[in-house]
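Me: I'd like to learn how to read a model like this one. Can you walk me through it, starting with the surface?

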Amino acid sequence: MEKELHEQYEYARRRIKQKKRLYFHFVLFVLGSLLLFVAHNFLDSTVVSYWYLWVITIWLFLFILHFIKIFITDRFMNKDWEREQIDRLVVLQQRKIDQLQTQVSNDDPK
């Protein structure tokens, strides 16, 4: 029982850490985008180029990937999912072993 409680605590701690990093990434994205916009408008006013939009777009794409990983992928593929998959694979392996053993015992002439 204590092991399960510890695993739940560690899982909760890890999820909070992931969410905290995501929120920090969001704040950094917003501030960085504003800084890029301001830098383009005040420092590069003679050049008609939208380089900052490309940087912001790529950064937004990376942020969306981070968001998907935290709130979609990790939510469904957690420790319980891993355990279920391992248990399912062990059962399949055991069935194959049992089939092979019965096949060998049937082929063995006595």
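Reply: The accessible surface of the chain is about 9700 Å², and carbon and sulfur atoms account for 67% of that. Bear in mind that this is a predicted model. The chain averages a pLDDT of 86, with 92% of the residues scoring at least 70.

Me: What is the pattern of the chain along the sequence?

Reply: It reads α-α-α, with three helices and zero strands. Among these elements, helix H2 (residues 51–76) has the highest mean pLDDT, 90, while H3 has the lowest, 86.

Me: How does the radius of gyration of the chain sit against that of a compact globule?

Reply: For 110 residues, a compact globule would come out near 13 Å, but this chain has 26 Å. The C-alpha trace spans about 95 × 40 × 15 Å along its principal axes. Buried residues make up 15% of the chain.

Me: Now single residues. Is Ser-33 buried or exposed?

Reply: The cut-off for buried is under 20% relative accessible area. Ser-33 has 11%, so this residue is buried. Ser-33 sits in helix H1 (residues 2–43) and, neighbours within four places in sequence aside, touches Ile-56 and Trp-59.

Me: And what does Ser-105 count as?

Reply: Partly exposed, at 46% relative accessibility. Ser-105 belongs to helix H3 (residues 79–107). A polar atom of the Ser-105 side chain lies 2.9 Å from the backbone oxygen of Thr-102.

Me: How far apart in space are Ser-105 and Asp-87?

Reply: C-alpha to C-alpha, 27 Å, with a separation of 18 residues in sequence.

Key
Residues numbered from 1 in each chain as written. Predicted model: local features only at pLDDT ≥ 70, side-chain atom pairs only at ≥ 80, totals over all residues. Heavy atoms only, no water. Helix = DSSP H or I, 4+ residues; strand = E, 2+ residues; numbered from the N terminus. Buried < 20%, exposed > 50% of the residue type's maximum accessible area, 1.4 Å probe, protein only. Contact = heavy atoms within 4.5 Å. Polar contact = N/O pair within 3.5 Å; in protein donor to acceptor, adjacent residues only side chain to side chain. pLDDT = per-residue confidence, 0-100. Rg over C-alpha atoms; globule rule 2.2 N^0.38 Å. Areas by Shrake-Rupley, 256 points an atom, 1.4 Å probe, with all protein chains shown as cover.
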